[in-house]
Amino acid sequence: MQMIYNLSEIEHIAKTIISSSKSNILLFYGDMGAGKTTLIKSLAQELGVQETASSPTFSIVNEYKSNDDKVIYHFDFYRLEQEEEALDLGFEEYLHQGDWVFIEWPDKIKSFLPLNAQKITINEISEVQRQLTLH
């Protein structure tokens, strides 16, 4: 599925992703500044997270709780230098808990990605317009 959207429509895009995703593990591909974190913030809000989601670039993982006590994990592997560093964080355990898991820069941990994960690619068309592909 492919969608072109303006940033003002991001809430609608988040609802569409949640309702049409075949997995609770979402992999976000796109260049720096394409809007991965912005989309993840909207997804977290759509799932009932009250706090503002932020990029876990330095902590690598952020954990959010929704209104109904669901847990959402947001990973940002941009700063990872070796794949094995993800294992040191207990990454594989997060995947098997049944919670929502959002992963930025999944290409940094290719060997550990589950086959059933939903891939999302974001391409910047203009400053306010994006193309999103659900693979």
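Colleague: Does E124 count as buried, partly exposed or exposed, and at what relative accessibility?
Modeller: E124 counts as partly exposed, at 46% relative accessibility; buried means under 20% relative accessible area, exposed means over 50%, and partly exposed is in between, with a 1.4 Å probe and protein chains only. Please keep in mind that this is a predicted model, in which local features need pLDDT of at least 70 and side-chain atom pairs count only at pLDDT 80 or more, while totals for chains, interfaces and linings use all residues. Residues are numbered from 1 along each chain as its sequence is written, and side-chain values use heavy atoms, with hydrogens and water left out.

Colleague: Which side chain meets E124 in a salt bridge?
Modeller: That is R130, with 4.0 Å from N to O, where a salt bridge is a side-chain nitrogen of Lys or Arg within 4 Å of a carboxyl oxygen of Asp or Glu.

Colleague: How many salt bridges does the structure hold?
Modeller: Two. Besides R130 with E124, D68 forms one with K70, and there the closest N and O atoms are 3.7 Å apart. D68 is partly exposed at a relative accessible area of 48%, and K70 is likewise partly exposed at 43%.

Colleague: What does the side chain of E104 join in a polar contact?
Modeller: The side chain of T37, at 2.8 Å. A polar contact is a pair of N or O atoms within 3.5 Å; within protein, one must be able to donate a hydrogen and the other to accept it, and residues adjacent in sequence count only if both atoms are side-chain atoms. Leaving aside neighbours within four places in sequence, E104 is also in contact (heavy atoms within 4.5 Å) with residues including F28, K36, H74 and D76.

Colleague: And K36, is that buried or partly exposed?
Modeller: K36 is buried, at 4% relative accessibility, and a polar atom of its side chain lies 2.9 Å from the backbone oxygen of D31. Not counting residues up to four places away in sequence, K36 touches F28, Y29, G30, D31, E104, W105 and I122.

Colleague: Which residues of α2 are buried, and what do they pack against?
Modeller: K36, T37, L39, I40, S42, L43 and A44 are buried in that helix, and the buried residues pack against α1 (10-20), β2 (25-29), β4, β5, β6 and β7 (129-134). Just after α2, G48 takes a positive phi of about 95°.

Colleague: Where is W105, and what is its phi?
Modeller: W105 sits in the loop between β5 and β6 (118-124), and it has a positive phi of about 60° although it is not a glycine. W105 is buried, with a relative accessible area of 14%. D69 is another non-glycine with a positive phi, about 65°; its place is in the loop between β3 (61-65) and β4 (71-76), and D69 is exposed, at 59%.

Colleague: Zooming out, what pattern does the chain follow along the sequence?
Modeller: The pattern reads β-α-β-α-β-β-α-α-β-β-β, with four helices and seven strands in the chain. The C-alpha atoms fill a box of roughly 40 × 35 × 25 Å along the principal axes, and the radius of gyration, 14 Å, agrees with the value near 14 Å that a compact globule of 135 residues would have; that radius is taken over C-alpha atoms, and the globule rule is 2.2 Å times the number of residues to the power 0.38.

Colleague: What share of the residues is buried?
Modeller: Buried residues make up 49% of the 135. Of the contacts in the chain with a separation of 6 or more, 59% are between residues 24 or more positions apart.

Definitions and conventions
Helices (H or I, at least four residues) and strands (E, at least two) are DSSP runs, numbered from the N terminus.
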